[in-house]
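Please examine the following model and its sequence.

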Amino acid sequence: MRAEAVPVRRVSDGVITADLGLLGEDLEPYSPVTVEVRNGVVRRVEEGRERGARRYDVLLPAPFNAHVHAADWAFRHAGLGMPLERVVAPRDGLKHRLLREAGEGELEAAIREFLETSLHLGCPGVADFREGGPEGVELGVGAADRVGFPEYVPMGRPRDLSDPNLVEEDLRRLRDFTEFVGVPDVHLPEEVLEAIRDSGLRVFVHVNESWRSVRECVRRYGVTELERAVELLEPEGVVHCVILTERDEELLRDLNPLVVLCPRSNEYFDLGVPDYDRLRGLRIALGTDNAMCLEPDVWEEARYAWLRLGMKPADALRAVTVVPARFFDLPVLREGERLRAVGLKGVPALGRVAGEGVDRVAAHLLQVIKLAEIEVLLGDAG
Ligand SMILES: [Zn+2]
């Protein structure tokens, strides 16, 4: 067995009790709660405490960070104060120059450090947009393995997106490492986008992040980025959606992809934030995006989405827990599913929200979780 460098507790059999638990897809508050685990699977959930059980203040589903660029942790705040397009533009943007100059060892170390940081913040799962073709994905998978990161979902991309022949070859090789492709933007030749769509890989794509690039897309192709993505890529996941035309909104409702919002990243680049009122009812997840600019703190992303986007606190908490869990085929905290949770100790003033509705509980937790000790609890068949 490899020793784990990070705070994950594997639970095969045992009983856990907490003063407060948030259970199921609705995050229904139980106060107190007892959860029994057999062979790594939750077999019993009951209101009440039990003697001899492992004790926490709060038990809630483990989070999942639905959009990151982990390797960019190597270049922390290198683009501070620069506009988005100068930082991330393909080929000559700052980040791509830095990625080309960095050695593999440096990038691998950055990914490891990023994933360890994520775990220390209580998050055992990320979806990582990985640059550098199949080799880039292999690098990410190796880094995740080395630190024992439990749920690393790489979304790879072909090395050179301008050459349709290279694209097809890389898409075939990507399938050895991942079921996902992460497309950086839709300002690419139609044949390239169609090859990606037809690759058999599940497609995620950045769209409608800034007015500047949406206008450029309309000028070049006559449609918005989201329209072009839906038409040529049929994505399962769309990332950003800061800009939304009425037509974009209609298309999102018809396609019903996972919509991944990254409001702190959008604010970092001074792009505004998505209009949550127009996204209500869609499947919303949250991601911390570029690790050059943002630390992988999903709780903070959720707190921000509540305060800045106007999501209800419980919906913001769902957007970093049960919503991505359902999409990425991970368990939620309830009977019959493998244990996948975080246990919190040292949560201040918990008694002041115990017995209250889920929004008050979620609002409190999103503010004070930074003060708590977090343990990631994962069921293990033994
Ligand atoms: Zn991104």
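**Metal site and nonpolar cores**

In this predicted model, His69 has a relative accessible area of 5% and is therefore buried. His67 is likewise classed as buried, because its relative accessibility is 0%; the cut-off for this class is under 20%.

Both histidines belong to the zinc site, where the protein donors are NE2 of His67, NE2 of His69, NE2 of His206 and an OD atom of Asp289. These donors lie 2.0 to 2.4 Å from the zinc ion. Along the sequence, the donor residues follow the spacing H-x1-H-x136-H-x82-D. Why is the arrangement around the zinc ion irregular? The 4 donor atoms subtend angles of 90 to 164 degrees, and the arrangement is therefore irregular; a tetrahedral assignment would require all angles to lie between 85 and 135 degrees.

The largest nonpolar core has 122 residues, of which Ile196, Phe204, Phe328 and Leu344 touch the most other members. Helix H14, spanning residues 358–368, gives the most to this core, with 7 residues. At least three residues of the core come from each of domain 1 (8–62 + 331–379) and domain 2 (65–320).

The surroundings of Leu344 illustrate this packing. Leaving aside residues up to four places away in sequence, Leu344 touches Tyr56, Asp57, Val58 and Leu60, as well as Leu365, Ile369, Ala372, Glu373 and Ile374.

How values were computed
Residues numbered from 1 in each chain as written. Predicted model: local features only at pLDDT ≥ 70, side-chain atom pairs only at ≥ 80, totals over all residues. Heavy atoms only, no water. Core = buried A, V, L, I, M, F, W, Y, C linked by side-chain atoms within 4.5 Å. Buried < 20%, exposed > 50% of the residue type's maximum accessible area, 1.4 Å probe, protein only. Helix = DSSP H or I, 4+ residues; strand = E, 2+ residues; numbered from the N terminus. Domains from an automatic or database assignment. Contact = heavy atoms within 4.5 Å. Donors = N, O, S within 2.8 Å, 3.2 Å for Na, K, Ca; no water. Tetrahedral: all angles 85-135°; square planar, octahedral: opposite > 155°, others 65-115°.
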